[in-house]
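Subject: A structure for you to look at

Hi there,

Here is the structure I promised to pass on.

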Amino acid sequence: MHESNVKWVAQRVLIAFLLLVSVYATSSHQNTEKGFLLHKKTASSASNKTKGVDTNYHAKGIKFGWRIIVGSIIGFLGSAFGTVGGVGGGGIFVPMLTLIIGFDARSATAISKCMITGGAGATVFYNLRQRHPTLDMPVIDYDLALLFQPMLMLGISIGVAFNVIFPDWMLTALLIVVFIGLSVNAFLKGVDTWKKETLVIKEARRNSQLNDTGRTDNAAHPQTEGTVNESHTNTIQSTKKVSIIENIYWKELGILLSVWILILALQIGKNYTTTCSVVYWVLNLLQVPITVGTSVYEAVLLYKGQRAIKCKGDQQTQLRVQQLILYCTCGMLAGILGGLLGLGGGFILGPLFIGLGIPPQVSSATSTFAMTFSASMSVVEYYLLKRFPIPYALYFVAIATAAALVGQHLVRKLIAILGRTSLIIFILSLTVFVSGISLGGVGIAKLIEKKVYMSFGNLCTYRVRN
């Protein structure tokens with residue numbers, strides 16, 4: 001009774017929050033918008049005026065025309081599918097915000113990060129009450145997150161620097177190749193999982209028919225029914241729901257939050273320094289001992305057997321050095337690709353976890369959990385730099401948050417009815433494929449219009465490309 005009351009209150013609070021956000025976003029915010037417009041004008045006056053881009057949206061309130069309606073629908077679907085697959089949906093948000101709503105590239109990226117954070121935060125809140133599909137543990141694997149997340153954040157910092165240096169044509173080509181490769185690999189993994197699930201379902205039906213025959217033949221033996229009931233009880237206990245407090249590993253969460261705060265402080269400090277100055281490089285290099293030290297700390301515990309990545313259900317409790325080095329390297333490479341392509345690490349972590357044999361529910365939940373830290377860090381930085389109009393950001397965050405909750409609820413119901421966790425993998429594959437096509441299309445369109453730099457850039461003389 002107590003848990004149902006808590007759930008009822010949480011739902012009402014969430015609904016009230018979304019309503020307040022929508023009302024606030026659609027109301028008049030002239031002072032905020034004027035300040036944002038002034039910032040945009042002064043920032044762009046040093047170079048030249050933006051060509052072919054309507055920037056009047058910075059000085060206006062939200063007007064619910066066809067652009068907002070279509071953008072809201074696409075944003076809702078992108079967040080619903082993206083959070084279910086554990087990739088966030090940024091590859092769908094950015095083209096939607098630029099091509100349909102009419103934002104410039106920088107504002108679209110910033111609002112996209114806001115939407116990813118809102119959807120990921122709602123998904124994490126939803127998953128905090130969920131358990132592993134077969135094991136007695138949370139659906140979020142905190143040890144897996146603690147091993148990958150610090151290296152992911154370090155990789156994102158490196159990838160952002162590469163993004164400045166690499167020409168846009170190379171980024172577009174790399175984005176298309178990586179996304180299509182990830183989507184195809186995830187699709188093949190989904191097909192393989194679907195076939196295995198089909199065999200399990202057929203075996204379960206065969207056993208059910210045998211059990212029905214056995215009950216008819218052994219109706220006079222109550223101990224048989226007792227054994228069946230006991231087995232059924234154990235199955236229910238393995239998927240039981242517990243309170244949020246029991247599902248949180250506070251020590252691991254505290255370490256991740258500490259890393260988040262330290263890296264955020266370094267990133268903010270770096271924004272107020274001269275590029276390539278001594279202080280700039282010191283702040284950059286300080287990220288290395290923080291992130292690598294945290295992952296090494298977790299890796300040592302895993303090597304000694306004091307911790308274990310239990311979500312795979314393996315009997316092996318102690319990981320080899322080669323495995324730990326591979327996992328950390330994959331985490332950093334995922335961050336580099338994410339920072340290089342201007343997307344969250346979830347687009348790489350989700351398919352990576354699936355490839356490592358992590359169950360789809362755990363892969364989606366843990367990837368989203370890790371992505372929340374990196375996306376929220378970007379939101380704080382963009383807010384301090386005044387990169388986005390707050391009313392638009394709040395409105396689309398409300399859309400993404402509601403979509404994430406709806407998507408999680410519906411997919412969980414479908415999995416419970418059909419018994420097919422491969423649905424998550426197919427959704428992941430579809431989301432990555434659509435994101436790759438949409439982002440690649442936008443990049444190719446810019447190349448055709450000759451609005452991009454074709455040569456390599458210099459980090460120390462970098463200027464914003466508009």
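Below is what I found in it, from the whole chain down to single residues.

A word on the basis: this is a predicted model, where local features need pLDDT of at least 70, side-chain atom pairs count only at pLDDT 80 or more, and totals for chains, interfaces and linings use all residues. Residues are numbered from 1 along each chain as its sequence is written, and side-chain values use heavy atoms, with hydrogens and water left out.

The protein has 17 helices and zero strands; these are DSSP runs numbered from the N terminus, H or I with at least four residues for helices and E with at least two for strands. Of its 466 residues, 47% are buried, meaning under 20% relative accessible area, with over 50% called exposed and partly exposed in between (1.4 Å probe, protein chains only). Among contacts (heavy atoms within 4.5 Å) with a separation of 6 or more, 81% join residues 24 or more positions apart.

Now to two helix pairs. Two packed helices are described by the angle between their axes and the distance between the axes. Axes are lines fitted to C-alpha atoms, for helices over the stretch in contact, and angles run from 0 to 180 degrees between N-to-C directions.

Helix α6 (residues 142-165) and helix α13 (residues 321-341) have axes that come within 6 Å and cross at roughly 40°. The two are therefore oblique to each other (under 35 degrees is roughly parallel, over 145 roughly antiparallel, 65 to 115 roughly perpendicular, and the rest oblique). Residues making this contact include Phe-148 and Gly-155 of α6 and Tyr-327 and Gly-335 of α13. By class, the contact has 17 nonpolar, six polar and no charged residues; Ala, Val, Leu, Ile, Met, Phe, Trp, Tyr, Cys and Pro count as nonpolar, Asp, Glu, Lys and Arg as charged, and the others, Gly among them, as polar.

For helix α16 (residues 390-418) and helix α17 (residues 422-448), the axes come within 9 Å and cross at roughly 135°, which makes α16 oblique to α17. Val-411, Leu-414, Ile-415 and Leu-418 in α16 meet Leu-423, Ile-424 and Ile-427 in α17. This contact divides into seven nonpolar, no polar and no charged residues.

Helix α17 also holds Gly-440, which counts as buried because its relative accessibility is 2%. Leaving aside residues up to four places away in sequence, Gly-440 touches Thr-172, Leu-175, Ile-176 and Ser-435.

Happy exploring!
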